[in-house]
Amino acid sequence: MSYSLAELMIAAAAQCWADDGEIMGTGIGPLPRIAAGVAKSLYNPDLMTTDGECFYTTEPLGPGLSSADFEIEGWVPYQRVFTTLWSGKRHAMVAPVQMDRFGQTNISVIGDHKKPKSAMLGARGFPGNTTCHLNSFIFTSHSKRAFVAGEVDYVCSPGFNPSRYPDGKVPNWLDLGRIITNLCVMDFGGPDRAMRVISLHPGVTFEEVQDNTGFELARLENLPVTPAPTEAELAAMAKIDPKNIRAKMIKDNPAGVRG
C-alpha cells in the first residue's frame with residue numbers, strides 16, 4: 001500500500017477530532033477539511049461538519065464540491081456559527097504562517113507591524129477562536145521561518161506566554177491541540193506546556209525536526225513513527241476528495257514517505 005505525505009498528514013490530523021463527540025469540526029484549508037471529513041466518516045459520526053458556507057451536511061463535503069449534491073442536515077448561518085464558537089463547542093484546525101514556543105500564532109504581518117515586510121490576512125478570527133475553543137494546527141512546511149525563535153512577529157492568538165497576561169498567569173481555560181507538520185506530529189505536553197514531538201513521520205529523525213525549529217523541543221522518550229494511513233482512511237479520502245486536491249498541497253516530500 002502506497003500513500004503520499006499529504007495523506008499521512010490527513011490521517012494524523014483526523015485523529016484530532018476522533019474523541020470530540022458532538023461538536024462543530026472546522027478544517028480551514030483543504031488538508032484540514034478532508035481530515036475533518038475522515039474523522040466524521042470513520043471515528044466520530046457525531047462530529048458536525050459544514051459545506052464551508054451555511055449548511056451542515058450529513059456526509060462530509062470535501063474541497064471543491066457543492067452542497068447541492070449532498071443531503072443537508074441543518075442551517076448554520078454566521079449567527080449560529082458564532083453561538084457555537086463562543087460556547088466552546090467547536091474544534092478548528094488552522095494553518096498559521098508563524099508559531100512560537102508558547103503556541104502563539106501569526107497570520108497578520110511579517111516584520112515590524114508599523115512597517116512590515118509583507119502584510120497578510122490580519123488577525124481575523126484567531127484571537128476569539130483560541131480564547132473560546134480548542135484549536136489544532138497544520139504546517140505543510142516545517143522550518144525556522146514557521147516555528148520561529150523568540151515570539152512571532154505579531155501575536156494573533158494567545159498561547160502559554162505568561163508575560164502576555166496581566167497577572168503573569170496563563171489561564172486554565174487555554175487549551176491548544178496538536179500540530180501536524182510535514183515532518184512530525186507535536187502537542188504541548190512538555191514541561192511548562194512546552195511544544196513536544198509525539199511522533200516522527202517515516203524517514204525523519206528528531207534531529208531533523210529540531211534543526212528546522214527555532215526553539216528547543218521536548219520529545220517523548222521513545223518516539224513512535226506516525227502511523228501510515230489505513231485502507232479505510234485512504235478510501236475515505238478518495239471519496240471526500242475525488243478531485244485529488246490533496247495531491248496539490250504538498251510540493252515536496254522531504255521525508256520520502258511511501259508505504
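**Close-up views of a predicted model**

Residues are numbered from 1 along each chain as its sequence is written, and side-chain values use heavy atoms, without hydrogens and water.

**View 1. Arg-193 sits in a loop between two strands.** The strands are S11 (184-187) and S12 (196-200). Helices (H or I, at least four residues) and strands (E, at least two) are DSSP runs, numbered from the N terminus. Arg-193 is not glycine, yet its phi is positive, near 65 degrees.

**View 2. Asn-244 lies in the segment after H6.** Its phi is near 55 degrees, a positive value in a residue other than glycine. Asn-244 is partly exposed, at 33% relative accessibility.

**View 3. Helix H2 (residues 30-43) crosses helix H6 (residues 231-240).** Two packed helices are described by the angle and the distance between their axes. Here the axes come within 9 Å and cross at roughly 125 degrees. Axes are lines fitted to C-alpha atoms, for helices over the stretch in contact, and angles run from 0 to 180 degrees between N-to-C directions. H2 is therefore oblique to H6 (under 35 degrees is roughly parallel, over 145 roughly antiparallel, 65 to 115 roughly perpendicular, the rest oblique).

**View 4. Tyr-78 lies in helix H3 (residues 78-87).** Tyr-78 is exposed, with a relative accessible area of 63%.

Note on methods: This is a predicted model: local features need pLDDT of at least 70, side-chain atom pairs count only at pLDDT 80 or more; totals for chains, interfaces and linings use all residues. Buried means under 20% relative accessible area, exposed over 50%, partly exposed in between (1.4 Å probe, protein chains only).
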